[in-house]
Protein chains: 2
Amino acid sequence: MNSRPLKTTDNEDNNQSRSVGIVGLGLIGGSIGLDLQELGWEVRGLVHRSKTAKRAKERGLASEISTHPEILAECEIVILALPLDQLIKPDPSILQSIPKSAVITDVGSVKLPILKIWEKLHPRFVASHPMAGSTESGVNSGRKGLFVQRPWVITPNQNTDKQAIQIIQKLAEALGSDLITATPENHDQAAALISHLPVMVSAALLRTIGNETNPTISNLCKQLASSGFEDTTRVGAGNPLLGKAMASFNRKEILKGIKEYKNHLETLEQVILSEEWCKLKLELEKAQALRSNFLEKLDP
Amino acid sequence: MNSRPLKTTDNEDNNQSRSVGIVGLGLIGGSIGLDLQELGWEVRGLVHRSKTAKRAKERGLASEISTHPEILAECEIVILALPLDQLIKPDPSILQSIPKSAVITDVGSVKLPILKIWEKLHPRFVASHPMAGSTESGVNSGRKGLFVQRPWVITPNQNTDKQAIQIIQKLAEALGSDLITATPENHDQAAALISHLPVMVSAALLRTIGNETNPTISNLCKQLASSGFEDTTRVGAGNPLLGKAMASFNRKEILKGIKEYKNHLETLEQVILSEEWCKLKLELEKAQALRSNFLEKLDP
């Protein structure tokens with residue numbers, strides 16, 4: 001990584017050690033811990049269980065690791081790398097241990113409800129969402145360079161501390177992310193379409209195929225399943241707790257997405273029902289063009 | 001490849017050259033041509049355009065290549081590696097050139113309508129479906145070893161010539177495929193669920209995201225699109241002509257699949273609407289378990 005160590009204050013050029021606290025050392029927290037240590041930061045990791053602390057120490061995910069929230073005292077930045085439900089209902093002991101002067105951010109995949117809660121809890125909270133998911137999770141999954149060229153969305157509102165925003169922007173840039181700024185409302189609408197709706201669409205496909213009652217057909221499906229099935233059903237078989245949390249905290253937007261989706265599926269159904277084959281080809285051509293338009297940056 | 005050259009008759013141990021005709025040298029036809037030549041067969045390739053013939057010769061996809069159907073004369077086996085619509089409405093000049101004594105097979109992804117047509121056209125036709133798709137197609141896409149450990153479904157009915165079935169089974173095995181035998185009806189039902197329904201489900205997702213009218217949200221979707229979106233939309237952006245053909249020739253089964261699918265999506269929608277979060281988690285857990293059950297053979 002060729003980024004410069006980030007600055008949190010203007011009088012930073014003394015030589016005292018600078019510290020970041022990370023709450024949770026799973027895929028996101030652990031990866032941030034590895035990268036920030038390489039950038040010269042003192043990283044203090046807070047985890048829930050002593051077994052996790054032991055493994056996180058073995059993996060060197062942070063400079064110091066503890067199950068006691070006091071480890072966060074004196075941290076300049078605190079990153080809440082926690083599941084959505086723990087961001088929505090924060091543990092009071094963690095809350096008490098976060099210094100009032102620290103800049104706080106989270107990594108949750110839904111932004112508006114988190115910002116609404118945390119802006120009342122801490123004066124320097126900045127809602128953010130690094131998009132570097134993977135099928136892996138837990139203390140064994142963190143790795144160096146996870147955020148390089150991946151989007152990191154910062155979602156401030158008019159009350160968010162301007163200096164705190166800059167500090168989180170620099171943090172994301174130091175980790176190699178592509179910085180995006182959006183309102184929390186827009187983030188949640190786009191995430192519903194691009195990320196949460198696909199989970200439900202894909203899960204419903206799995207349930208449809210799994211619900212086949214004729215064992216001959218069901219066995220044949222298993223024998224014929226190949227890369228197309230594998231790709232289309234990947235996100236539908238993701239972490240059920242995360243799926244539940246996304247739906248519950250982004251309920252309105254995901255319901256809007258499902259409604260829209262049903263209209264489009266019913267258009268295809270109607271075209272097949274009425275045997276309008278030229279129209280079906282046109283519809284599929286539009287889908288094909290849309291994907292290449294969307295994935296310009298992914299498919300070189 | 002360590003397979004033995006296949007036998008088409010009992011008195012084969014003379015040294016005269018044995019020949020297979022392949023109609024169409026795209027991904028499937030071209031790959032079969034490369035492998036069969038390596039197994040010691042004389043391969044005669046028939047293509048539509050002289051430009052294609054030139055490229056196929058450069059790539060060595062067959063021993064002899066022509067745009068004239070007479071090239072099929074004296075072939076012991078003829079493989080129709082053509083798009084579905086050309087299998088459903090075969091070119092009379094090709095039909096005339098296929099020797100009555102030859103064993104014929106096709107590679108179409110829908111079996112019942114093809115078998116219904118071809119069993120009237122040729123006494124030794126065996127319907128089959130090698131499942132070795134890829135996003136590539138055309139004369140440049142054929143490659144060696146495409147069928148190794150991939151399913152090759154043979155779908156005879158009670159009228160299919162028993163000796164001809166054995167010959168096509170040996171052909172599939174010689175190419176390294178995993179042989180599956182199914183009725184054409186069962187094949188088409190399973191293919192609708194595992195292969196054709198995912199295309200429509202995925203295309204509808206693309207159309208939903210593409211139909212977002214707010215340019216801020218639409219641009220944000222583009223910025224946030226990552227591997228989950230990429231995977232879930234891959235088959236929906238496949239060849240529109242193939243999607244149209246699959247739907248038109250497997251219409252009843254695909255409509256049944258879409259109807260079932262809508263029920264399952266509506267179950268998820270209802271659970272989210274009524275905020276039954278424990279139930280949503282259960283539904284997603286079932287989806288997760290189903291996928292690993294289906295993909296045992298794919299995910300080592």
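User: Which backbone oxygen lies 3.3 Å from a polar atom of the side chain of B:S19?

Analyst: That's the backbone oxygen of B:E74. A polar contact here is a pair of N or O atoms within 3.5 Å; within protein, one must be able to donate a hydrogen and the other to accept it, and residues adjacent in sequence count only if both atoms are side-chain atoms. Before we go on: this is a predicted model, where local features need pLDDT of at least 70, side-chain atom pairs count only at pLDDT 80 or more, and totals for chains, interfaces and linings use all residues. Residues are numbered from 1 along each chain as its sequence is written, chains are lettered from A and ligands numbered from 1 in the order in which they are written, and side-chain values use heavy atoms, with hydrogens and water left out.

User: Is B:S19 buried or exposed?

Analyst: Buried, because its relative accessibility is 4%. Buried means under 20% relative accessible area, exposed over 50%, partly exposed in between (1.4 Å probe, protein chains only).

User: What is B:S19 in contact with, leaving aside its neighbours within four places in sequence?

Analyst: B:W41, B:E42, B:R44, B:E74, B:C75, B:E76 and B:I77. Contact means heavy atoms within 4.5 Å.

User: How can chain A be laid on chain B?

Analyst: By a turn of 180° and a shift of 0.0 Å along the axis, with an RMSD of 0.1 Å. That's the relation of a two-fold axis. Copies are superposed by least squares on the C-alpha atoms of residues with pLDDT of at least 70 in both.

User: Which residue of chain A comes closest to the rotation axis?

Analyst: A:T232, with its C-alpha at 2.1 Å. The same surface serves both copies, as 100% of the contact residues of chain A recur in chain B.

User: What does chain A contain in helices and strands?

Analyst: 12 helices and nine strands. Helices (H or I, at least four residues) and strands (E, at least two) are DSSP runs, numbered from the N terminus. Buried residues make up 55% of its 300 residues.

User: Which residues of α7(B) meet α11(B)?

Analyst: B:D188, B:Q189, B:A192, B:H196, B:L197, B:M200 and B:V201. On the α11(B) side are B:E253, B:I254, B:K256, B:G257, B:I258 and B:Y261.
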